[in-house]
Amino acid sequence: MSVRVLVVDDHPVVRSGLIGMLAVTEDIEVVGEAGDGEEALVLVESTRPDVVLMDLRMPRRDGVSATGAIVSGYPATKVLVLTTYDTDTDILHAVEAGAAGYLLKDTPHAELLDGIRAASRGETVLAPPVAARLMSRLRTPVAPAAAQPSPRELEVLAAVARGLSNAEIGRELFIGEATVKTHLQRLFTKLDVDDRTRAVTVAIERGLLPSPRR
């Protein structure tokens, strides 16, 4: 049986090249092509391909969002990402969305064809540079769960959010200005920020401080 493939890429020339290559492969059948993730979802519904060859960065709906929707709605269809991007963020987002594999557009034709066949069998397919990045990330020691700011540190940050200076915060909380600075440095580390404004913004985003009233 042929592997039924849907080609998704926003560049017509790239789509044509992929379709031309796949069309002459005996055990692979192209059942459709789409220029963005939104169109891809419509075609997955109507063609039920075995594999979707998915680009990542596209208009209307990107490849990661479309991958998540396909994987959740059509579990029999495997998504094989084919992109020029190999950043950690792109790779992780695609894998988290449920992609069966991640290949780069400079992958040799024979390896791409093998990747499509492997994906159709439910195997994981990773380009060597992608696999190396994932392994490197796994080997990197993971920091302990981000320490939460202490109640006193949040008191200091709340005062910062009100626009108080270090000296004013010290007087209000009955602590020395040097202690205020120490609390702020610890906050910066815990929130992974470099300045007071960003610390307040991140704390609000995480629900550690109430949002300012409008």
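The UniProt annotation "domain: Response regulatory", from an unreviewed entry, covers residues 4-120; UniProt positions are given in the numbering used here, feature names are shortened, and annotations may be inferred rather than shown by experiment. The end C-alpha atoms of residues 4-120 lie 9 Å apart, and the span is 48% helix and 22% strand. Helices (H or I, at least four residues) and strands (E, at least two) are DSSP runs, numbered from the N terminus. This is a predicted model, in which local features need pLDDT of at least 70 and side-chain atom pairs count only at pLDDT 80 or more, while totals for chains, interfaces and linings use all residues. Residues are numbered from 1 along each chain as its sequence is written, and side-chain values use heavy atoms, with hydrogens and water left out.

**The sheet**

- Six strands form an open sheet in the order S2-S1-S3-S4-S5-S6, with parallel pairing; two strands pair if DSSP finds at least two bridges between them.
- At the edges are strand S2 (28-34) and S6, each of which pairs on one side only.
- Strands of a sheet pair through backbone hydrogen bonds, either parallel or antiparallel.
- Strand S3 (residues 51-54) runs parallel to S4 and is joined to S4 by four bridges, with Val 51 standing opposite Lys 78.
- Strand S4 (residues 78-83) is in turn joined to S5 by four bridges, again in parallel.
- Two bridges link S5 to strand S6 (residues 125-126), and this pair is parallel too.

**Around strand S5**

- Gly 101 is the bridge partner of Leu 80, and the partner of Gly 101 in S6 is Val 125.
- In a regular strand the side chains alternate between the two faces of the sheet.
- Strand S5 (residues 101-104) is covered on both faces: Gly 101 and Leu 103 on one side and Tyr 102 and Leu 104 on the other are all buried, where buried means under 20% relative accessible area, exposed over 50%, and partly exposed in between (1.4 Å probe, protein chains only).
- S4, helix H4 (residues 88-97) and S5 make a right-handed β-α-β unit; a crossover is right-handed if, with the strands pointing away from the viewer, the path from the first strand over the helix to the second runs clockwise.
- By contrast, S5, helix H5 (residues 109-120) and S6 make a left-handed β-α-β unit.

**Asp 55, the annotated site**

- UniProt lists Asp 55 for "modified residue: 4-aspartylphosphate", again in an unreviewed entry.
- You will find Asp 55 in the loop between S3 and H3.
- Asp 55 counts as buried because its relative accessible area is 3%.
- Beyond its neighbours within four places in sequence, Asp 55 is in contact (heavy atoms within 4.5 Å) with Val 8, Asp 9, Asp 10, Gly 63, Leu 82, Thr 83 and Lys 105.

- Thr 67 belongs to helix H3 (residues 63-73) and is buried because its relative accessibility is 1%.
- Not counting residues up to four places away in sequence, Thr 67 touches Met 54, Val 79, Ala 97, Gly 98 and Ala 99.
- The charged end of Arg 57 sits over the ring of Tyr 85, 3.6 Å from its centre; the rule asks for NZ of Lys or CZ of Arg within 6 Å of the ring centre and within 35 degrees of the ring normal.

**Leu 184 in helix H9**

- Leu 184 lies in helix H9 (residues 177-191) and is buried, with a relative accessible area of 5%.
- Val 156 is 28 residues from Leu 184 in sequence, and their C-alpha atoms are 7.5 Å apart.
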